[in-house]
Protein chains: 6
Amino acid sequence: MPVVHVYVWKGFSNEAKKKVIAGITKVFTDLGIPVHAVEVIIHEIPKEDWGVGGEQASEKLKDVQPP
Amino acid sequence: MPVVHVYVWKGFSNEAKKKVIAGITKVFTDLGIPVHAVEVIIHEIPKEDWGVGGEQASEKLKDVQPP
Amino acid sequence: MPVVHVYVWKGFSNEAKKKVIAGITKVFTDLGIPVHAVEVIIHEIPKEDWGVGGEQASEKLKDVQPP
Amino acid sequence: MPVVHVYVWKGFSNEAKKKVIAGITKVFTDLGIPVHAVEVIIHEIPKEDWGVGGEQASEKLKDVQPP
Amino acid sequence: MPVVHVYVWKGFSNEAKKKVIAGITKVFTDLGIPVHAVEVIIHEIPKEDWGVGGEQASEKLKDVQPP
Amino acid sequence: MPVVHVYVWKGFSNEAKKKVIAGITKVFTDLGIPVHAVEVIIHEIPKEDWGVGGEQASEKLKDVQPP
């Protein structure tokens, strides 16, 4: 405890993934939860599989890139 | 709000994905929710990773194809 | 196939839930998928457990109500 | 983008929830993602519904409390 | 690893929950995974929030009870 | 009912997947649930996308392999 599922667009760099994992884990250790108890699972989703406002993000947000 | 996670077999055409995103979004806008608030995330799952009735869909439902 | 998980704020009326279930199911039957194969699971989330823009929806979107 | 689902034991204080939402959001804004794009959904799970090491957390970790 | 999310209708007895947790954990320890690494999270869903075949399970499967 | 989502590291053998699907399904049929009602969805996650103790499993648990 906790288990954290993170859904992002495909294309996060390895550096960004490390920051996501370390940063989210720290949120919980700051609350007194032991570090080994925190699991963070990143799910990369292709932009054409992510709909926002009724359209694929690959079309609607064509120029926005993941970090 | 809402966030919708859709789990389907791998192989949905791009046309089918667009219909899933637009169609599900419309269900919520018909209820008065603003279109920009709706997020739909499609997860394509290989048929061998989907179990139904205790068997892999790749075996049990060998001849059924996604749209 | 498919399995659809819908996350919404707590407080959807029974009528709205029926429309969500029927409407999302129809999106898939329109694609040729048999009606009995569609499962839709609604998860009602208290507004204080839903964060948007870094704040609880119960504070940031105090006056917005679910349908 | 992103959508973050956080699964924790039931009993988080409102203060802890605020810190989870604000802290996780900041992880993504630090990566250059706009604050309004971050959604964090907290799911509180009763300890008897959470299994760890084959047992209910309500038995195995009887004395551990959420923050 | 693994994390297992189990979605069932509300009303599972405590005995049934214990069997679900112990049984699923054993599936993984039989594959050589250490028992402490297995997390099983049960989500109880009210039958009116679970749609099957386009209708609420509370109507369509009125007489079926969880174990 | 039930729907079971299993999150594991990428690299499970086909034999292991079959055992996961059959084994988890049996847990529920042993409780009296009909076999055709059980759906098990396996999600394979690359080890660099799985954080444990604040680090990527690909680094922290470099030598541990999935079955």
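## Helix 1 of chain E

Helix 1 of chain E covers residues 14-29, and its 16 residues should span 22 Å at 1.5 Å a residue; the end C-alpha atoms lie 23 Å apart, which agrees. The expected span is 1.5 Å times one less than the number of residues. Helices (H or I, at least four residues) and strands (E, at least two) are DSSP runs numbered from the N terminus.

Buried residues of this helix (under 20% relative accessible area, 1.4 Å probe, protein chains only) include Ala16(E), Val20(E), Ile24(E) and Phe28(E). Seen down the axis of helix 1 of chain E, the buried residues fall within an arc of 160°, so they line one face of the helix. The arc is that of the directions from the helix axis to the C-beta atoms.

## Basis of the model

This is a predicted model: local features need pLDDT of at least 70 and side-chain atom pairs count only at pLDDT 80 or more, while totals for chains, interfaces and linings use all residues. Residues are numbered from 1 along each chain, chains are lettered from A in the order written, and side-chain values use heavy atoms, without hydrogens or water.

## Packing and chain copies

The buried residues of helix 1 of chain E pack against elements of chains D, E and F, among them strand 3 (50-52) of chain D and helix 1 (14-29) of chain F. Contact means heavy atoms within 4.5 Å.

A rotation of 180° with 0.0 Å of shift along its axis superposes chain A on chain D, with an RMSD of 0.0 Å. The two copies are thus related as by a two-fold rotation axis. Superposition is by least squares on C-alpha atoms of residues with pLDDT of at least 70 in both copies.

Conventions:
Buried means under 20% relative accessible area, exposed over 50%, partly exposed in between (1.4 Å probe, protein chains only).
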